[in-house]
Amino acid sequence: MTLSRRCFFPLLMLSLIVSLSALAIAQTQEVIYTNRVPVYVGDLINEVTATLDAQNASKLCVRLNAAIPLDQHEKPDEHASNCIFHIVRFDDFSSGTAPAAGKSSADVQTIPQAKNNWYVYSNDHFWSLEDLKQSKRLFGAAHVSFFFILINRALGPTASITNVSVSKNVLTIDAANNLKPGTSVRFSNVKTSTFLNDKVVTLDTAKATGFTAKFVNADVASTVDSGDVSVSIVPTDAPPSDEPGDSECTLPELPKTGADGYYTSYGVDVKRKVSANVEHLFALLKAEGLQSPTETADPSTLNSISPTTLTQSPANRLFAQTAVKADAQDNYSCSALSPKKMGSGWSQASKNCTPRNRLLAAKATSGSTKCHRPDAIFGGGTVDVAYRPSDISISGSLNKGDTTVAINKDAYVVDNEGRYYFDFSVPLTLKKLSAVQYQSTGGTFSPVTVDSANAFMALDGFFRPVDVKSGNWPTWPHPLAGVAFAKQPLNKILVAGAWGPYFSEIYMGWAWIKQPRIADGSNSCKASAGTSATLPNSFGYHFCGQFSIGLNLSVTGIASKLGSPK
């Protein structure tokens with residue numbers, strides 16, 4: 001039994017569909033971060049507007065990756081190559097502000113939309129400000145770092161006031177605490193000395209039973225009082241002139257929640273997807289009349305991998321936590337690190353803490369060590385991406401008990417798809433110049449009308465991998481080969497080269513067209529008028545070659561216009 005040419009191509013395509021259908025199965029990797037570390041970023045971020053520029057993006061990526069313990073950073077450069085940042089500045093928080101009527105979550109510290117910004121950085125190529133703010137694209141990255149940066153976040157109490165006094169502009173507070181000199185603190189819920197509420201001071205001295213700070217005010221006699229003291233991470237209004245150096249500085253210990261009682265949590269979901277070039281093939285097959293795996297497969301039979309929270313694997317860096325209750329949130333400042341908390345691999349807590357201490361350090365001057373005051377809080381870590389290509393979705397929220405307040409209405413999605421050595425396209429033969437029109441909006445050419453009788457289905461090859469989602473102009477021309485977009489596709493075969501903007505290239509090549517012989521044994525390509533290769537011919541058939549020129553169009557732009565194959 002022989003297989004006719006008419007059946008060969010559809011069966012070949014059907015076998016491709018079956019073999020590629022596994023790629024359409026959804027698989028998900030999930031990582032949750034609730035960690036928080038004080039950091040100095042005032043020299044890289046505009047903390048007034050919560051914005052980042054392109055020239056500082058790489059520095060920020062490197063600096064925050066330096067906070068990951070050295071024994072978890074096998075290849076630091078890999079993790080500092082691709083970073084996703086979420087930078088927010090909270091509105092000022094007042095402990096006396098009452099919730100708005102009818103809004104159960106109105107007591108949460110709010111974030112204005114203008115100061116809620118996402119950025120994507122990669123060292124894959126020159127990264128412009130437009131790339132940083134709008135691209136939402138990585139190129140098949142195996143390692144991606146995600147960091148959230150919280151500016152002007154009011155923190156929960158770390159000590160309770162028992163006594164207050166002011167003498168000669170020196171404030172003395174009695175409160176059991178573990179604060180250190182130089183720490184900024186904020187007062188709230190003070191009952192008697194209400195002039196202290198929402199004020200921020202920097203400690204001059206501190207001991208276990210109390211502390212002092214400069215505070216311009218009339219003298220106040222020693223008074224028994226009550227109220228809360230919280231660490232204050234005050235943003236930098238103007239970037240300083242010096243940059244962080246290599247000295248070690250002391251990180252303040254952060255409370256478990258904000259002053260509003262909410263803690264921050266971010267979820268990173270990596271979802272596998274079918275590669276763009278295979279999607280282009282599916283689109284061609286659909287136009288040809290064959291179904292793609294996503295249409296033929298029964299969703300109930302797809303073995304989707306349920307989301308897995310990676311709490312102990314290398315994919316979860318920088319102490320990512322999976323607990324979702326406030327009382328389970330650990331504060332990983334240097335003073336909190338211990339072998340018990342971090343596991344058997346953390347026998348030298350102070351050594352592993354060193355890179356994070358340096359996040360606050362400035363270059364030493366006159367032989368002395370200068371430490372910047374922390375001006376923001378950051379968290380997150382690095383993910384060893386399990387699936388490529390994939391969509392990386394990130395959602396942030398503020399949580400308290402059973403209440404969850406989303407930081408953004410929708411998840412932030414980054415397309416993580418690499419470049420490919422091959423793709424699929426639709427070469428369209430053009431017989432006259434008037435059949436082409438210029439599209440000024442995209443700077444490309446397109447056909448005036450689309451006739452599927454002049455179309456091919458082609459496989460494109462590239463000498464260097466290209467971004468098949470881009471409209472850029474490749475450096476070099478590339479070869480392609482295809483068959484007719486027809487019920488009998490093997491009746492036309494095309495071999496050509498193409499060059500131009502990727503979505504609309506000019507191609508030139510040679511096409512072999514099946515034609516009936518005009519006589520027994522004849523190889524003449526001058527067939528009689530009206531003779532068709534689709535009709536029976538007693539003399540048989542042969543292929544005639546001819547020069548072919550036209551537009552090589554992207555599948556996504558033309559497949560829906562082809563109509564049914566003829």
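A: Gladly! Helices (H or I, at least four residues) and strands (E, at least two) are DSSP runs, numbered from the N terminus. By that rule the chain has nine helices and 29 strands. This is a predicted model, where local features need pLDDT of at least 70, side-chain atom pairs count only at pLDDT 80 or more, and totals for chains, interfaces and linings use all residues. Residues are numbered from 1 along each chain as its sequence is written, and side-chain values use heavy atoms, with hydrogens and water left out.

Q: Why is Asp260 called buried?
A: Buried means under 20% relative accessible area, exposed over 50%, partly exposed in between (1.4 Å probe, protein chains only). Asp260 has 7% relative accessibility, so it counts as buried. Of the chain's 566 residues, 49% are buried too.

Q: Where is Asp260 found, and what does Asp260 touch?
A: Asp260 sits in the loop between β14 (220-231) and β15 (263-272). Contact means heavy atoms within 4.5 Å; leaving out residues up to four places away in sequence, Asp260 touches Phe93, Asp107, Val108, Gln109, Arg153 and Lys400.

Q: What makes a set of residues a nonpolar core?
A: Its members are buried Ala, Val, Leu, Ile, Met, Phe, Trp, Tyr and Cys residues joined through side-chain atoms within 4.5 Å. The largest such core here has 77 residues, and Ile84, Phe85, Ile149 and Phe187 have the most contacts inside it. Strand β8 (residues 143-151) gives the most to this core, with seven residues. A second, separate core has 16 residues, including Phe424 and Leu553.
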